[in-house]
Amino acid sequence: MIPESVRVWVEEVRALCQPESVYWCDGSEEERVRLTAQAVQDGVLIPLNHDKLPNSYLHRSDPTDVARTEQVTFICSRAKDDAGPTNNWMSPEDARAKLTPLYAGAMRGRTLYVVPFVMGPVGSPFSKVGIELTDSLYVVLNMRIMTRMGAAAWGQLEQTGGELTKCLHSLGDLSPDRRFICHFPDDNAIWSIGSGYGGNALLGKKCLALRIASVLGRDQGWMAEHMLILAVQNPRGEKRYVCAAFPSQCGKTNLAMVVPPPAMLEKGWKVWTVGDDIAWLRPGPDGRLWAVNPEAGFFGVAPGTSNATNPNAIAAASRNTIFTNVALKPDGTVWWEGHHEPPVDGILDWRGRPWSPGSGEKAAQPNSRFTAPADQCPSIAPEWQDPAGVPISAILFDARRPNVVPLVYQARDWQHGTFIGATLASETTAAATGKVGVLRHDPMAMLPFCGYNMADYFGHWLEMGTAVAHPPLIFGVNWFGTGEDGRFLWPGFGDNLRVLDWVLERCEGRGAAIETPIGNVPAALDLDGLAIAPAALERLLRVVPEQWAAEAQEQVSFLERFGDRMPAAIWAEHAKLVAATAARVPATVE
Ligand code: OXD
Ligand code: MN
């Protein structure tokens with residue numbers, strides 16, 4: 001049953017935005033076929049070669065609208081302090097006053113689509129319901145892949161007592177000057193205008209499942225995190241689950257779908273994917289943290305994805321997929337930098353212009369994407385939609401750092417792990433507009449996604465560690481260490497499972513480790529079948545106290561930004577790092 005309050009809201013938005021018509025989505029297959037045909041007719045989607053990529057389409061976005069725009073993303077809490085120093089803030093009144101005129105008449109000549117959706121498995125008491133009102137058919141068709149979209153949401157809404165995130169989206173005139181992504185945590189609402197890009201426009205994803213959900217989680221005793229979830233089974237047949245927080249474009253999708261290297265496959269290692277971007281974590285009745293992937297699809301980064309780096313993603317995106325801003329081959333298939341197939345003559349770049357390998361330009365936009373249903377992934381875990389979620393043994397925090405941070409190290413305990421997450425600093429990527437390769441603090445990889453003051457968020461993390469008797473062990477990882485020549489030292493991809501092997505051994509109370517000032521590093525890794533120079537491994541696992549003393553010093557100004565609101569436990573961990581590195585313990589790896 002559609003609640004009357006929803007009808008009233010849709011009517012208010014209709015009166016404001018003045019669409020030509022209003023269409024209520026039901027999520028049916030017949031509707032998908034009809035709306036897809038409409039999108040092709042409107043030029044929103046370009047059909048691809050349906051023999052080679054069945055039921056798949058290409059979308060070319062406005063060239064100024066290709067990534068998340070953090071500078072125009074706002075948390076509109078009542079008090080500025082509740083948004084904290086890492087978020088842009090506008091008062092709810094100012095935001096409404098600024099955006100209302102932009103919405104006025106913005107949908108003239110367009111259809112207003114009402115998109116009901118569920119984040120999390122339908123029927124689960126933990127799932128959340130949103131309704132996105134949008135004038136973008138591209139958004140509708142992506143939401144259909146990324147969420148459980150359609151009539152099922154109405155039943156879910158009854159089950160969850162009417163708790164609802166109202167999401168309003170309009171492409172507006174796509175002008176970057178009139179682009180705003182505003183979150184109203186006190187009203188459980190999101191207003192987005194001026195962008196059709198994924199994270200700005202598919203409001204179930206970053207806006208609801210992270211920013212709004214992080215606030216709901218704080219208030220309701222759970223956590224919304226920018227984490228993949230994967231299942232790993234060792235040759236003994238022990239299946240364990242791991243969550244990993246990586247900044248955008250640092251390989252979450254690749255790790256979530258990792259294929260064991262041949263030597264480990266032979267020994268019997270197995271891996272399954274539960275989620276590739278977002279995890280909702282809750283204390284379970286058994287004293288462990290249980291994780292659910294609230295999404296139903298992958299919005300993965302295309303460049304660099306190949307049969308060599310991520311065959312599961314290639315298979316997942318082999319049908320029923322929407323590609324955004326990739327290059328188009330003359331045979332109606334797609335291409336991007338790092339694809340396993342070599343470029344051919346006649347490629348059109350992401351803007352539809354003729355392209356050749358020597359042109360010096362990228363054929364695919366560096367943040368080009370594929371939107372693919374999760375259940376098409378060959379590695380999807382049979383339990384990926386279990387309403388209870390999966391019990392988490394370990395949490396990884398990944399930094400993209402050329403040096404300082406070792407390949408892997410283990411936090412002493414949950415509080416120390418929270419500190420490692422809180423002080424995570426990583427090089428920027430193309431997932432957001434702005435300069436690439438600049439070191440920035442990205443606590444828990446949530447900098448752009450936390451819907452409230454991050455000092456309180458750290459406090460919530462600390463509390464969650466005490467809310468469960470058996471919290472996951474926490475590890476820092478860095479796949480991106482480089483040698484003197486600037487080349488990556490660690491092969492990454494499938495070989496990252498060697499690191500997970502050690503991580504899970506530690507979770508079982510096994511796995512030899514060496515104590516360092518920042519935590520434990522492996523005494524040894526299973527390197528069977530991997531040719532890596534001992535000097536490279538030494539460098540990867542090295543902890544240089546002087547570098548960490550400098551790191552600790554650099555962290556001060558970041559931590560100070562939170563003033564009195566910063567939990568004392570975070571400063572206590574910082575003091576421990578200062579003390580441990582000041583002692584200049586020689587870093588030895590045996
Ligand atoms: C994403 C991101 O799209 O983190 O997942 O930007
Ligand atoms: Mn992400």
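Ala, Val, Leu, Ile, Met, Phe, Trp, Tyr, Cys and Pro count here as nonpolar, Asp, Glu, Lys and Arg as charged, and the others, Gly among them, as polar. Keep those classes in mind on this tour of a predicted model.

**Stop 1: ligand 1**

Select ligand 1 and the residues around it: Arg-68, Lys-205, Lys-206, His-226, Ser-248, Asp-277, Phe-299, Arg-369, Ala-431 and Phe-449. Colour this shell by class. Five of its residues are charged, three nonpolar and two polar.

Now show the polar side-chain atoms. One on Arg-68 lies 2.9 Å from a ligand 1 oxygen. Lys-206 also places a polar side-chain atom 2.9 Å from an oxygen of ligand 1. For Arg-369, the distance from a polar side-chain atom to an oxygen of the ligand is 3.0 Å. Is ligand 1 buried or exposed? On its own it exposes 210 Å², and the protein buries 95% of that.

**Stop 2: the largest pocket**

Zoom out from the ligand. Ligand 1 sits in the largest pocket. This pocket holds about 1100 Å³ of space. Its lining counts 48 residues; select Gln-249, Cys-250, Gly-251, Asn-254 and Arg-400 to find those closest to the centre.

α7 (198-201), α8 (204-220), α9 (252-256), β18 (297-301) and β22 (369-373) each give the lining at least two residues. Which element gives the most? It is α9, with four residues. By class, the pocket lining has 19 nonpolar, 17 polar and 12 charged residues.

**Stop 3: the second largest pocket**

Move to Val-44, Asp-135, Ser-136, Leu-137 and Leu-171. They lie nearest the centre of the second largest pocket, which has 20 lining residues. Two or more of these come from each of β6 (111-119) and α5 (137-146). The space here is about 400 Å³. Eight lining residues are polar, seven nonpolar and five charged.

**Stop 4: the cavities**

Go inside. The whole structure has three cavities of 30 Å³ or more. Centre the view on Tyr-409, Ile-420, Thr-423, Trp-548 and Gln-555, which lie nearest its centre among 18 lining residues. α12 (414-422), β27 (473-477) and α16 (545-560) each supply at least two residues of that lining. Its classes are 12 nonpolar, four polar and two charged.

Finish at the second largest cavity, with about 50 Å³ of space. Select its lining: Met-119, Gly-120, Pro-121, Ser-124, Phe-126, Ser-127, Trp-280, Arg-282 and Val-292. Five of these are nonpolar, three polar and one charged.

Definitions and conventions. Residues are numbered from 1 along each chain as its sequence is written. Chains are lettered from A and ligands numbered from 1 in the order in which they are written. This is a predicted model: local features need pLDDT of at least 70, side-chain atom pairs count only at pLDDT 80 or more; totals for chains, interfaces and linings use all residues. Side-chain values use heavy atoms; hydrogens and water are left out. A residue is near a molecule or strand if one of its heavy atoms lies within 4 Å of it. A polar contact is a pair of N or O atoms within 3.5 Å; within protein, one must be able to donate a hydrogen and the other to accept it, and residues adjacent in sequence count only if both atoms are side-chain atoms. Accessible areas come from the Shrake-Rupley method with a 1.4 Å probe; for residues, only the protein chains shown count as cover. On a 1 Å grid over the protein atoms alone, a cavity is a set of points where a 1.4 Å probe fits but cannot get out, and a pocket is an open set with protein on both sides within 12 Å along at least five of seven lines; lining residues have an atom within 4 Å of a point. A molecule sits in a cavity or pocket if more than half of its atoms lie within 2 Å of its grid points. Grid points are joined across faces, edges and corners, and a volume is the space filled by probe spheres set on the points.
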